[in-house]
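Please read them with the sequence and the structure open.

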Amino acid sequence: AKLLFADGVVRTAKLRQQLLLPLVALLHHPRTERRTHLRQCLTVFFQNYTIASTAADAAERRTDLEHCLLPLLRRFLTCTDNASIFSVPDRTVVAAGRMLLEYTAARRQRRSSSGSSSITTT
């Protein structure tokens with residue numbers, strides 16, 4: 001998680017997304033339910049990951065999370081290895097999807113408000 005905060009260390013969006021997938025899975029995995037410190041750290045990480053020093057960085061990070069949604073759901077739903085962090089109950093899939101949608105909501109709201117404001121000003 002620290003690598004994702006270090007600007008310039010993880011430069012490609014694909015690599016950032018590959019690093020985010022297991023972090024989201026760990027946050028919602030039933031085996032980490034009692035590991036409150038881990039879950040608290042990951043929750044704070046995701047809350048702060050989408051808030052960057054510049055608007056461009058924040059938008060890029062929200063886009064990373066958006067691009068994680070479908071691959072994450074696919075991995076959750078198709079995982080057959082019980083030892084994998086992607087082997088989770090359905091309620092976990094829903095919770096992880098909701099979290100990603102919540103953290104990317106600001107981006108969607110900006111898109112819809114900028115689209116509607118351009119319509120009204122034209």
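**Notes on the model**

1. Start with T32. T32 counts as buried because its relative accessibility is 6%; buried means under 20% relative accessible area, exposed over 50% and partly exposed in between, with a 1.4 Å probe and protein chains only. T32 sits in the loop between α2 and α3 (36-49). Setting aside neighbours within four places in sequence, T32 is in contact with L26, L27, L38 and R39. Contact here means heavy atoms within 4.5 Å.

2. Ground rules. This is a predicted model, with residues numbered from 1 along each chain as its sequence is written. Local features need pLDDT of at least 70, side-chain atom pairs count only at pLDDT 80 or more, totals for chains, interfaces and linings use all residues, and side-chain values use heavy atoms, with hydrogens and water left out.

3. Overall make-up. The protein has six helices and zero strands. Helices (H or I, at least four residues) and strands (E, at least two) are DSSP runs, numbered from the N terminus. Of the 122 residues in the protein, 34% are buried. Among contacts with a separation of 6 or more, 61% join residues 24 or more positions apart. The accessible surface comes to about 7,700 Å², and carbon and sulfur atoms hold 57% of it. That area comes from the Shrake-Rupley method with a 1.4 Å probe.

4. Helix α2. This helix covers residues 13-28. Its 16 residues should span 22 Å at 1.5 Å a residue, and its end C-alpha atoms are 23 Å apart, which agrees. The expected span is 1.5 Å times one less than the number of residues. Buried residues in α2 are R16, Q17, L20, L21, L23, V24, A25, L27 and H28. Look at R16 in particular. R16 counts as buried because its relative accessibility is 7%. R16 and R61 are 45 residues apart in sequence, yet their C-alpha atoms are 8.9 Å apart in space.

5. Helix α3. The 14 residues of α3 should span 20 Å at 1.5 Å a residue; the end C-alpha atoms are 19 Å apart, which agrees. L42, F45, F46 and Y49 are buried in α3. They cover an arc of only 95° around the axis, so they lie on the same side of α3. The arc is that of the directions from the helix axis to the C-beta atoms. On the other side of α3, T36, H37 and Q40 are exposed.

6. Aromatic pairs. How many aromatic pairs are in the whole structure? A search finds two. The F45 and F46 rings have their centres 5.0 Å apart and their planes at 70°, so this pair is edge-to-face. F45 and Y49 form a tilted pair, 5.3 Å centre to centre with 35° between the planes. Rings of Phe, Tyr and Trp (its six-membered ring) pair if their centres lie within 6.5 Å; planes under 30 degrees apart count as stacked, over 60 as edge-to-face and the rest as tilted. F45 and Y49 are four residues apart in α3, about one turn of the helix. Ring pairs link F45, F46 and Y49 into a cluster.

7. The core. The largest nonpolar core has 22 residues, and F46, L72 and F76 have the most contacts inside it. α2, α3, α4 (55-78) and α5 (90-103) each supply at least two residues of this core. The largest share, six residues, comes from α2. A nonpolar core is a set of buried Ala, Val, Leu, Ile, Met, Phe, Trp, Tyr and Cys residues joined through side-chain atoms within 4.5 Å. Not counting residues up to four places away in sequence, L72 touches L21, V24, F86, A96 and L100.

8. Helix α5. In α5, T92, V93, A96, G97, M99, L100 and Y103 are buried. They cover an arc of only 160° around the axis, which puts them on the same side of α5. The face turned away from the buried side of α5 carries the exposed residues D90, R91, R98 and E102.

9. The loop between α3 and α4. A52 is placed here. Leaving aside neighbours within four places in sequence, A52 is in contact with D57, A58 and R61. The C-alpha atoms of A52 and R62 are separated by 9.9 Å, and these residues are 10 apart along the chain.
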